[in-house]
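Colleague: I would like to go through this model feature by feature. Please give the general idea each time, then the case at hand.

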Amino acid sequence: MHLPSPHLSIFRPVPGLLDRRLIFVTGKGGVGKSTVATALGLVAARQGLRTIVAELASQERVRQAFDREGERFSEVQLADDLFTISIDPQSAMEEYLEVKTGGLGHLLGSSRLFHIFAMATPGMRELLSVGKVWELAQLERRTRGAAAYDLVIVDSPAAGHGVAILRTPKTFADIAKVGPIAHQGRTIAATIADRAFTAVAAVAIAEEMPVNETLWLRDALRQDGLGLDAVIVNALYPQRFDPDETAELERALELSESPLARAALRAALSEHARAGDQADQRARLSEGLGTQLVELPYVFAPELARAELERLADALQAGLDQTS
Amino acid sequence: MSVADLLEGKRMCICGGSGGVGKTTTSAAIALGMAARGAKVAVVTIDPARRLANALGLEELENEPRRVEPDRLASGGLEVSGELWAMMLDPKRTFDELIERIAPDPARAQEIKDNRVYRQLSTAVSGSQEFTAIAKLYDLDREGDFDLLVLDTPPSRNALDFLEAPGRLTSFLEGRAGKAFIRPTGFGMRVLSRGAAPLLAALRRVTGVDLLADLSGFFGLLGDMTDDFSRRAAQVEKMLRASTTAFLLVTSAQSAPIDEAMWFRRTLQESGLPFAGVVVNRVHHDLLGDSDPDDLLAALRSELEPELAARVAENFHDYHVLARRDQTNVKRLAEELGGSPLLLVPHLDHDVHDIEGLLRVHRYLFASPSEREQMIADVVA
């Protein structure tokens with residue numbers, strides 16, 4: 001139901017990550033999924049792709065509370081060729097009704113009962129959200145006067161819920177069988193299943209639970225005929241010391257009487273221990289998946305501002321070039 | 001203030017927070033600590049790390065609490081005078097059991113369980129975990145076998161989902177909206193306003209007839225059971241609001257989870273739910289104090305090769321950036337909290353996924369403020 005992307009060529013059966021039009025970025029909570037989605041957006045924008053990062057499961061309420069309110073639920077430009085939007089099921093529904101039913105849309109949209117009904121129907125929120133994502137990825141936008149994007153990056157919810165989102169259109173198509181929802185569900189499901197169009201990227205950190213969840217995600221996607229197109233390991237500590245040096249640090253910690261030196265030595269040994277654990281988990285993930293990982297360094301900064309995101313984009317670009 | 005003080009006289013501790021902040025570990029460490037102090041405690045977790053699950057003896061999903069063998073705890077060096085029980089929630093099974101309990105007869109229960117809308121409802125990841133976690137908590141509370149229940153809330157991006165999702169599902173099951181729409185020829189039609197006919201036509205147009213028919217079938221099966229859902233929902237709400245319930249927020253020291261914890265607390269208070277305090281995990285404590293960074297390099301050089309000393313100093317500089325960040329965030333949180341309890345657990349050398357790790361976290365959570373300060377000082381001294 002979509003036109004092929006101008007970046008695609010029929011001679012390239014397995015396109016690179018940024019050659020798709022729609023990338024779902026998922027992973028366990030707290031692994032830096034939003035950061036990676038934004039950095040990926042920067043990489044794409046640098047290549048001249050008109051890119052939008054769409055945030056699902058919006059944290060907009062948090063923003064509001066802390067006076068960081070921008071325009072809500074609309075497309076906002078962040079940089080050259082880089083846009084962002086926070087997708088809210090409620091607004092997505094109003095937009096959908098408007099397009100589908102015209103005047104009746106207003107009637108439904110203003111009915112409180114209908115809102116309760118639509119928002120409470122299991123899976124409806126997910127369907128509306130993913131429907132909006134699909135709309136953003138169309139060359140012919142349904143939204144009046146809206147320009148097309150070359151790439152839509154979805155900052156998707158944590159793994160379990162993320163898979164549910166990918167699965168919802170098909171579930172609805174099956175349940176509703178006929179009618180507009182079934183039709184819409186089938187169209188979106190076909191788009192998601194089209195691996196020349198849609199990619200799924202997982203973000204993990206090198207710790208037990210996120211690694212387990214990434215392996216689980218791969219299996220869950222496989223059941224639905226989908227796969228992981230990239231796995232990005234975030235926040236890796238540098239390997240600063242070799243084993244001989246570590247032994248030396250331990251000896252120095254025993255001997256030193258300066259509290260300051262001891263604090264620094266403790267910090268060095270502590271980070272070294274964590275880096276060692278990370279190396280083990282990273283190996284487990286890589287072996288479990290049987291693929292190469294894209295690696296991102298830990299960012300030692302109080303906040304991830306533009307400069308830090310650009311640095312991560314550099315690393316991401318290098319990693320993607322290596323693994324493709 | 002320690003966790004033991006916070007939970008004095010409480011029967012239920014609900015640990016909320018955004019994903020990846022150490023909620024599961026914190027819940028387990030709290031349950032362990034309270035058991036060590038003589039209580040019979042059950043911790044209900046959603047999806048613990050495999051090694052933590054093994055440590056607690058949770059290899060199988062049983063959907064009922066099972067006692068953690070005292071030997072396992074003793075091997076970690078903790079005398080437990082009470083009892084620690086643990087269970088891993090099975091949302092689908094909990095949902096099925098709820099239907100079986102409420103249904104008038106087994107045949108109806110089976111029909112509901114076979115219904116397509118129900119199958120979608122009970123396995124949808126969003127909402128069903130939250131709904132069934134609370135349902136299980138309510139049943140365990142009513143059975144009254146435990147002095148304290150500790151709930152590790154489902155992993156979600158937004159901590160508030162835990163409060164909102166069960167309500168959404170309950171209002172669906174109560175069928176308030178459903179009933180009115182679903183029976184176009186019944187009583188519902190007559191009581192609806194004159195706008196109802198076009199409204200219904202529009203609804204058909206956007207949803208399709210089959211979906212409406214399925215929903216109609218589902219609500220038909222539920223019948224009077226919707227009243228039971230309403231009654232239960234009212235009792236559950238009473239339980240959550242009780243003075244014997246404590247909502248404990250868990251966060252890491254990074255800015256986004258701290259923002260979320262602040263927002264979550266405001267919502268709890270606005271909703272009149274009993275907020276007890278915040279646990280901040282993985283705090284990088286300030287080890288530099290007022291010292292001059294130049295002194296550091298000099299001190300290191302007296303022990304190490306200059307090049308190695310420089311790398312240790314660089315590592316410390318990076319650590320200190322995180323320590324300053326954490327300090328700023330924790331200060332912001334403390335200001336928001338006013339005098340409410342705030343417990344800090346340091347960034348430990350390893351992830352926590354065994355009994356020893358739990359014991360380490362537990363020591364910080366259950367220490368008095370002076371003990372905790374001493375523990376942090378000891379790390380350096």
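Modeller: Helices (H or I, at least four residues) and strands (E, at least two) are DSSP runs, numbered from the N terminus. Chain A has 12 helices and 8 strands. This is a predicted model, in which local features need pLDDT of at least 70 and side-chain atom pairs count only at pLDDT 80 or more, while totals for chains, interfaces and linings use all residues. Residues are numbered from 1 along each chain as its sequence is written, and chains are lettered from A and ligands numbered from 1 in the order in which they are written.

Colleague: In what order do the strands of the open sheet in chain A lie?

Modeller: Strands of a sheet pair through backbone hydrogen bonds, either parallel or antiparallel. Two strands count as paired if DSSP finds at least two bridges between them. In chain A the order is β3-β4-β2-β5-β1-β6-β7-β8, and the pairing is mixed.

Colleague: Which strands pair with β2(A)?

Modeller: Strand β2(A) pairs in the parallel sense with β4 (residues 82-86) of chain A over 5 bridges, and Glu55(A) stands opposite Ser86(A) there. With β5 (residues 151-155) of chain A, β2(A) also has parallel pairing over 5 bridges; here Ile52(A) faces Val152(A) as its opposite residue.

Colleague: Is β2(A) covered on one face or both?

Modeller: In a regular strand the side chains alternate between the two faces of the sheet. A residue is buried if 20 or more other C-beta atoms lie within 10 Å of its own, exposed if 12 or fewer, and partly exposed in between, with C-beta atoms placed from the backbone. Both faces of β2(A) are covered: Thr51(A), Val53(A) and Glu55(A) are buried on one side, Ile52(A) and Ala54(A) on the other. Across chain A, 48% of the 324 residues are buried.

Colleague: How many residues are in the largest nonpolar core?

Modeller: In soluble globular proteins, nonpolar side chains tend to be buried together. A nonpolar core is a set of buried Ala, Val, Leu, Ile, Met, Phe, Trp, Tyr and Cys residues joined through C-beta atoms within 7 Å. The largest has 92 residues, and those with the most contacts inside it include Cys13(B), Ala31(B) and Leu149(B). Helix α2 (residues 23-36) of chain B gives the largest share of this core, 8 residues. Apart from it lies another core, of 77 residues, among them Val152(A) and Leu296(A).
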